[in-house]
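Let us take a walk through this structure together.

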Amino acid sequence: MFNRYLTYYKSSVQILTVFLLILISFLFAYGIDRLIVPLLTNGISYQDFSKPEIFKTEAYVQVHRFLQLITQLIVFVIPAFLFAYLAFPKPQQYLKINTPLNGKHVLYALLIMLCSIPLIGLLEHLNRMIPISPGMQLIEDQAKLVTEAFLTTDRVQDQVFNFVIFVAAAAIGEELLFRGVFQNILLSSSRFKKQPFVAIALTALFFSLFHGQMSGLIPRFYAGFIIGCAYFFSNNLLVPILMHALNNGVVLIAFYVSPSTLDDSIGTLDYKDILTIVPLTIFSVFLIYKFYQQRADYTIDKVPIDEDETNFLANR
């Protein structure tokens with residue numbers, strides 16, 4: 001029953017397979033971290049390595065950066081390529097890595113992201129106003145502690161490494177998994193053939209939830225949605241990777257210019273901000289419409305299924 005490429009089977013079977021690959025990858029990354037931490041920290045246990053006082057020592061922060069990069073590779077990149085290998089005879093074609101790239105599509109995508117950044121910032125301000133449980137607040141505080149420890153550095157090599165982690169690796173890994181795999185699976189489903197934007201929205205929602213931080217749920221969803229649209233319009237994975245990298249790069253540069261950006265609150269907004277956000281948002285919507293008009297034909301790569309196929313798991 002399970003002796004064919006995964007695109008032969010229904011989307012539910014494919015999604016379960018992806019979750020299984022991610023779970024195995026998480027467990028593998030966890031095991032690697034537990035093994036590496038004592039070796040790189042003179043015997044500090046994995047449990048103690050996440051305590052707040054650890055992040056006051058630059059040498060230990062550098063180890064955290066290294067582990068972050070390894071985790072991104074294991075949890076995002078490897079499952080994506082493994083799934084593509086199991087899903088279709090030509091994995092790169094399935095992920096749309098080697099499809100023709102249109103320069104105009106790249107330009108549209110980058111302009112859309114640049115014009116959307118102020119709105120994403122506003123959505124983050126609004127999102128922070130939503131009350132969350134003490135448990136979720138603890139997760140938020142821990143994430144903020146780690147982020148500040150990673151980014152607060154005057155060493156050029158650490159700043160470059162931060163760009164590798166938060167801009168290049170994050171964009172490549174997350175887009176491979178969420179757009180290259182999850183969005184492809186949903187768009188290939190008969191349920192979403194005539195509702196591609198529902199599939200894009202569901203992918204964006206999962207993309208946002210996967211990060212685990214409620215303070216950024218809404219802005220990440222919006223960013224994920226426009227990135228997903230760009231992938232659908234361009235039929236090339238490099239386009240959403242560049243958009244994602246641009247967004248993260250702007251955020252990182254903004255922190256280096258003004259570290260207080262991590263602590264901004266809704267109270268800092270005034271009418272001047274609104275006068276910037278509104279026209280840029282309108283222009284970004286116009287660009288999305290123009291991008292849609294000049295979109296490429298989105299290809300759904302899956303193995304052929306015979307008309308007389310009786311397997312109830314076949315992806316018809």
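Two residues are in contact here when they have heavy atoms within 4.5 Å of each other. Helices are DSSP runs of H or I with at least four residues, numbered from the N terminus. The model is a predicted one, in which local features need pLDDT of at least 70 and side-chain atom pairs count only at pLDDT 80 or more, while totals for chains, interfaces and linings use all residues. Residues are numbered from 1 along each chain as its sequence is written, and side-chain values use heavy atoms, with hydrogens and water left out.

Several H9 residues are buried, including Val239, Ile241, Met243 and Phe255. Buried means under 20% relative accessible area, exposed means over 50%, and partly exposed is in between, with a 1.4 Å probe and protein chains only. What covers the buried residues of H9? The cover includes H4, helix H5 (134-151), helix H6 (156-188), helix H7 (196-210) and helix H8 (217-234).

Take Ile241 as an example from H9 (residues 238-257). Because its relative accessibility is 15%, Ile241 counts as buried. Beyond its neighbours within four places in sequence, Ile241 is in contact with Ala171, Ile172 and Glu175. Over in H4 (residues 103-128) sits His105, which is buried at a relative accessible area of 4%. With the neighbours within four places set aside, the contacts of His105 include Phe233, Val239 and Phe291.

Now for the interior. In soluble globular proteins, nonpolar side chains tend to be buried together. A nonpolar core is a set of buried Ala, Val, Leu, Ile, Met, Phe, Trp, Tyr and Cys residues joined through side-chain atoms within 4.5 Å. The largest such core has 66 residues, and those with the most contacts inside it are Val18, Phe83, Tyr94 and Met243. Helix H4 gives the most to this core, with 11 residues. Another core lies apart from it, made of seven residues, among them Ile36, Val37, Val63 and Leu67.

Charged side chains come next. A salt bridge is a side-chain nitrogen of Lys or Arg within 4 Å of a carboxyl oxygen of Asp or Glu, and the count by this rule comes to six. Arg65 and Glu58 meet in one of them, at 3.2 Å from N to O. Arg65 counts as buried because its relative accessibility is 0%, whereas Glu58 is partly exposed at 29%. Arg65 also forms a salt bridge with Asp158, where the closest N and O atoms are 3.7 Å apart. Asp158 lies in helix H6 and Arg65 in helix H2 (residues 58-87), so this pair ties together parts that are 93 residues apart in sequence.

Elsewhere, Asp301 and Lys96 meet in a salt bridge of 3.3 Å, N to O. This pair links distant parts of the chain, 205 residues apart: Asp301 is in the segment after helix H10 (271-293), and Lys96 is in the loop between helix H3 (91-95) and H4. Asp301 is buried at 12% relative accessible area, and Lys96 is buried at 1%.

Terms used. Helix = DSSP H or I, 4+ residues; strand = E, 2+ residues; numbered from the N terminus.
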